Amino acid sequence: MAQFYFLSIMLNILAGLILVYGKNYAAEIISDDDVSVIDESDGDDELADETGASQLGLDTLSFRLVTGILCVFVALMKILSVFRGDIPVIGDLIPSLAGLLAGASILLEYYIYSTQNELVLPENLQSVFLGKRKIIGFVCFGAAVLHFIFPQVMFL
């Protein structure tokens with residue numbers, strides 16, 4: 001459906017902006033032993049200040065919660081749309097997986113910050129969802145651009 005196509009592109013771009021340029025709230029809560037998993041020390045604070053991520057509202061927690069929930073919801077709806085016969089599932093696989101990863105990363109970061117305690121996760125999951133958040137953001141950008149340029153391609 002065209003509505004979920006549009007929402008998938010817009011939410012992947014929005015989630016990518018949050019993950020790449022937004023503040024990493026989980027790095028404030030995670031203990032010193034697990035800081036090696038979080039990639040906050042890459043020196044992008046100046047870049048985040050220049051882009052004005054906080055001025056755009058990307059750093060508000062309620063905005064992140066809504067964006068994370070919508071990312072997961074739209075990704076699931078796009079995967080389930082194959083049963084209606086609208087678009088082949090392979091054509092929506094990359095944008096859906098990017099939306100699921102981004103939504104999970106944003107929601108996990110929101111949960112850790114709002115409860116103000118460490119979430120006991122296996123180190124590999126913590127490394128993927130919290131440590132590689134910028135990579136997930138760039139994957140979201142790429143998936144959104146490819147999905148916009150090639151909307152009906154079978155193997156995207």
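Student: Which residues of helix 1 meet helix 5?

Tutor: Contact means heavy atoms within 4.5 Å. In helix 1, Phe-4, Tyr-5, Leu-7, Ser-8, Leu-11, Leu-14, Ala-15 and Ile-18 take part. They meet Phe-63, Arg-64, Thr-67, Leu-70, Cys-71, Phe-73, Val-74, Met-77 and Lys-78 in helix 5. By class, that contact has 13 nonpolar, two polar and two charged residues. Ala, Val, Leu, Ile, Met, Phe, Trp, Tyr, Cys and Pro count as nonpolar, Asp, Glu, Lys and Arg as charged, and the others, Gly among them, as polar.

Student: What should I know about the model and its numbering?

Tutor: The model is predicted: local features need pLDDT of at least 70, side-chain atom pairs count only at pLDDT 80 or more, and totals for chains, interfaces and linings use all residues. Residues are numbered from 1 along each chain as its sequence is written, and side-chain values use heavy atoms, leaving out hydrogens and water.

Student: How many helices and strands does the protein have?

Tutor: Helices (H or I, at least four residues) and strands (E, at least two) are DSSP runs, numbered from the N terminus. Here there are eight helices and zero strands.

Student: At what angle do helix 1 and helix 5 pack?

Tutor: Axes are lines fitted to C-alpha atoms, for helices over the stretch in contact, and angles run from 0 to 180 degrees between N-to-C directions. Helix 1 (residues 2–21) and helix 5 (residues 61–80) pack at about 140°, with axes 9 Å apart. That makes helix 1 oblique to helix 5. Angles under 35 degrees count as roughly parallel, over 145 as roughly antiparallel, 65 to 115 as roughly perpendicular and the rest as oblique.

Student: And at what angle do helix 1 and helix 8 pack?

Tutor: About 155°, with axes 8 Å apart; helix 8 spans residues 133–149. Helix 1 is therefore roughly antiparallel to helix 8. This contact has 14 nonpolar, five polar and two charged residues. From helix 1, the residues include Ile-9, Asn-12 and Ile-13. Among those in helix 8 are Phe-138, Phe-141 and Ala-144.

Student: Is Phe-6 buried or exposed?

Tutor: Buried means under 20% relative accessible area, exposed over 50%, partly exposed in between (1.4 Å probe, protein chains only). Phe-6 is exposed, at 52%. Phe-6 lies in helix 1.

Student: What share of the protein counts as buried?

Tutor: Of its 156 residues, 38% are buried.
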